[in-house]
Amino acid sequence: MADPGSYTGASEPRSPWLRPGFVLAAAFIGFVAVVAGAVVLTSDPAGQDDALPASRPPADRATAPATSSPSGDESGDDRCPELPDKRQELPTAAPRGVTWALFGAVAVPASEESGPAVTGDDVARCYARTPVGALLATSQISVRYLAADDWRKVTRVQTVGAGRDAYITGRTEAEKKSPTDQDGGVHGQIAGFRFVTYDDSTAVVQTVWRFPDGALQAATTTVLWRDGDWRLEYPADPAPPIPVGSLAGYTEWGGV
């Protein structure tokens, strides 16, 4: 289990994209699918469908374009400090030493051993090249690129994949058209995980989200090791989330 005593408190949602309805959609549909879904819901559905390219074959991963500067920091100092975590074993229990803090309204995990080692207002980066580092990266980035005030920066520097640019374009257009003061709905929170596959270049993780009514949805995400850090893959054709009846088969893990 995560360390519940290390929960660090709350802050108000800072972005309309983290408003309850949006987060509900995010957790319900899955981290990638929700982006397309949210954009579609707030823009011209037909136009958005056209903006999403076809699925990218796995072989493209090796040749996918590099990300922007890892930090997006104009100082150019993108180096990550070396982290203590060197363990390559897949976690069979909730990682120890993890603390949780709200980013907007969603609890995200962090660890001194596994990362993120560098955290700014929006970007949290520098994770250990380990299973736990990958787990923390996918949890942090998948929330921040949706919820950050500067979500474009997070998306550009911390995601890769054929769907990334279409997402940026579609969401930018949607924000121009949509009101930003809509409320309602509920927040989903991380409730558990399991690794689908892992090596030191690619980690596929299934994360379970829990809603206040108890409903659980599992979304599969991939992080790739690029330029010295984990990046979240934003595919063009993400797999839909699946409802799950319980956390059986998953490791219970969450901060709320």
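Select aspartate 227 to begin: at 53% relative accessibility, this residue counts as exposed (exposed means over 50% relative accessible area, buried under 20%, partly exposed in between, with a 1.4 Å probe and protein chains only). Aspartate 227 lies in the loop between strand 8 (216–226) and strand 9 (229–233), and its phi is near 50°, a positive value in a residue other than glycine. Helices (H or I, at least four residues) and strands (E, at least two) are DSSP runs, numbered from the N terminus.

The model is predicted: local features need pLDDT of at least 70, side-chain atom pairs count only at pLDDT 80 or more, and totals for chains, interfaces and linings use all residues. Residues are numbered from 1 along each chain as its sequence is written, and side-chain values use heavy atoms, with hydrogens and water left out.

Next, select glycine 115 and proline 116. The peptide bond that joins them is cis, with omega near 0°. Proline 116 is placed in the loop between strand 2 (106–111) and strand 3 (118–119).

Move on to cysteine 126, in the loop between strand 4 (124–125) and helix 4. Cysteine 126 is not a glycine, yet has a positive phi of about 70°. Its relative accessibility is 1%, so cysteine 126 counts as buried.

Finally, select residues 131–147, which form helix 4. How many residues of helix 4 are buried? The count is 17 of the 17, so the helix is largely enclosed by the rest of the structure. From first C-alpha to last, helix 4 reaches 24 Å, close to the 24 Å expected at 1.5 Å a residue; the expected span is 1.5 Å times one less than the number of residues.
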